[in-house]
Amino acid sequence: MSRKGYLLLADGQLFEGEMRGAEKNVMAELVFTTAMVGYLETLTDPSYEGEIVIQTFPTIGNYGVIPEDFESSKPWLSGYIAREICDAPSNFRCSGKLDDFLKEHDIPCLTGVDTRALTRKIRSAGVMNAAILTEKPADIPAMVKKLQQLPFHPSVQDVSCKETMEDEVEGTYHVVLWDFGAKANIRRELEKRGCHVTTVNADATCEEILALKPDGIMLSNGPGDPADNVGIIEQLRELCTHRIPTFGICLGHQLLALSQGATTSKLKYGHRGANQPAKDVKTGLSYMTSQNHGYAVDSATLPANASLRFVNGNDGTCEGVDYTDMPAFSVQFHPEAAGGPLDTRFLFDRFIALMGGNKVCR
């Protein structure tokens, strides 16, 4: 039996739909992703921690739940919105239905909503707080006021590993993966290229990382405002003085830029999806990329030791930086994308080259 559900935006607009997943109320920041595939990767991406995510693709769940495709051990988002959830998934790897998965992990989902109109709203007004509700609010103005005052501060400490984890896979290069909410495919891409990976917590110090004697350092993706991570930025600034080959992805890209004196700012509605264009300003080549971020490095604030390498093909914002005084580079997009384009996986080869590998890279 269907249950009515509601989505209330911080500007007072109310959408009516059908509740799926967990039957509970949630309030969080509302964002959208334009990805046509990879809903399991979206659900389990730690960078979505604490957000309500709209899927713009109309039907979600048609290949069910496939644990092998997860990017982490569980979903991190607060709520989920889709036009339609498929109740008859078909895939030889399917182990269950999406609706049951959402219930199991206590994630409320609203379906039957005009997601096209909702997405156009966010593109026009910008991301805003919202509430998924099991009942129509009796006092909408009071609820709107509460939404407008709701703080939104997802934490990398919440999604990071709790203790140092060492890979069982041996390799030519020892890479320390600094975990701010790392997607599982980052580790897999490193392992494919002969890396032995040690994962450390977001609160790891420069001294602790140096004690591991890494050949390279990988700065992972993660949630929230990069500028909130003052302690991490300080430790990263110190770590950079040791000139260890470093590769930053998404939040890691932003933190590396902040450690060198650049600034970041919040985008109107962010870049989330598997079809975002990024242009290499050095070669003139453009790539399709997977992205998930609400903040960007301000290109105009890049320090003298930083060279803009990639820009977003839609709005020109910073998508990548090369550093001239240390063996380090970073990108805003996800070269490890699973459920997305493979165009930029050569960047992992570039990282291997920085650690002494002889593979040709761009």
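**Exposed loops, cores and helix packing in a predicted model**

Lys-213 counts as exposed, because its relative accessibility is 67%. The model in which this residue sits is predicted. Lys-213 belongs to the loop between helix H7 (206–211) and strand E13, and its phi is positive, about 50°, although the residue is not a glycine. A positive phi in a residue other than glycine is also found at Arg-243, where the value is near 55°. Arg-243 lies in the loop between H8 and E14 and is partly exposed, with a relative accessible area of 39%.

The protein chain as a whole contains 10 helices and 19 strands. Its radius of gyration is 20 Å, close to the 21 Å that the globule rule gives for 362 residues, so the chain is as compact as a globular protein of that length. Along the principal axes, the C-alpha atoms fill a box of roughly 60 × 45 × 40 Å. Buried residues make up 58% of the 362 in the chain. Of the contacts between residues at least 6 apart in sequence, 73% join residues at least 24 apart.

The largest nonpolar core comprises 46 residues, and those with the most contacts inside it are Leu-7, Leu-30, Tyr-80, Ile-81, Leu-98 and Leu-118. With residues up to four places away in sequence left out, Leu-118 touches Leu-7, Leu-9, Phe-15, Leu-30, Ile-54, Ile-81 and Val-113.

Thr-115 is part of helix H3 (residues 115–125). Its relative accessibility is 4%, and Thr-115 therefore counts as buried, the limit being under 20%. Beyond residues up to four places away in sequence, Thr-115 is in contact with Ile-54, Gln-55, Thr-56, Ile-81, Ala-82 and Arg-83. Asp-114 is located in the loop between strand E8 (108–111) and H3. At 44% relative accessibility, Asp-114 counts as partly exposed. The C-alpha atoms of Asp-114 and Ile-81 are separated by 9.9 Å, with the two residues 33 apart along the chain.

In helix H6 (residues 184–192), the buried residues are Asn-185, Ile-186, Arg-187, Glu-189 and Leu-190. The elements that cover them include strands E10 (165–166), E11 (173–178), E12 (195–200), E13 (216–219) and E14 (246–249), together with helix H10 (346–354). Just after H6, Gly-194 adopts a positive phi of about 80°.

Two packed helices are described by the angle between their axes and the distance between the axes. For helix H8 (residues 230–240) and helix H9 (residues 251–259), the axes come within 8 Å and cross at roughly 70°. This angle falls in the range of 65 to 115 degrees, so H8 and H9 are roughly perpendicular to each other. On the H8 side, the contact involves Ile-232, Ile-233, Leu-236, Arg-237 and Cys-240, which meet Leu-255, Leu-256, Leu-258 and Ser-259 of H9. The residues of this contact divide into 7 nonpolar, 1 polar and 1 charged.

Terms used:
Residues numbered from 1 in each chain as written. Predicted model: local features only at pLDDT ≥ 70, side-chain atom pairs only at ≥ 80, totals over all residues. Heavy atoms only, no water. Core = buried A, V, L, I, M, F, W, Y, C linked by side-chain atoms within 4.5 Å. Buried < 20%, exposed > 50% of the residue type's maximum accessible area, 1.4 Å probe, protein only. Contact = heavy atoms within 4.5 Å. Helix = DSSP H or I, 4+ residues; strand = E, 2+ residues; numbered from the N terminus. Axes fitted to C-alpha atoms, helices over the stretch in contact; angles between N-to-C directions. Parallel < 35°, antiparallel > 145°, perpendicular 65-115°, else oblique. Nonpolar A, V, L, I, M, F, W, Y, C, P; charged D, E, K, R; others polar. Rg over C-alpha atoms; globule rule 2.2 N^0.38 Å.
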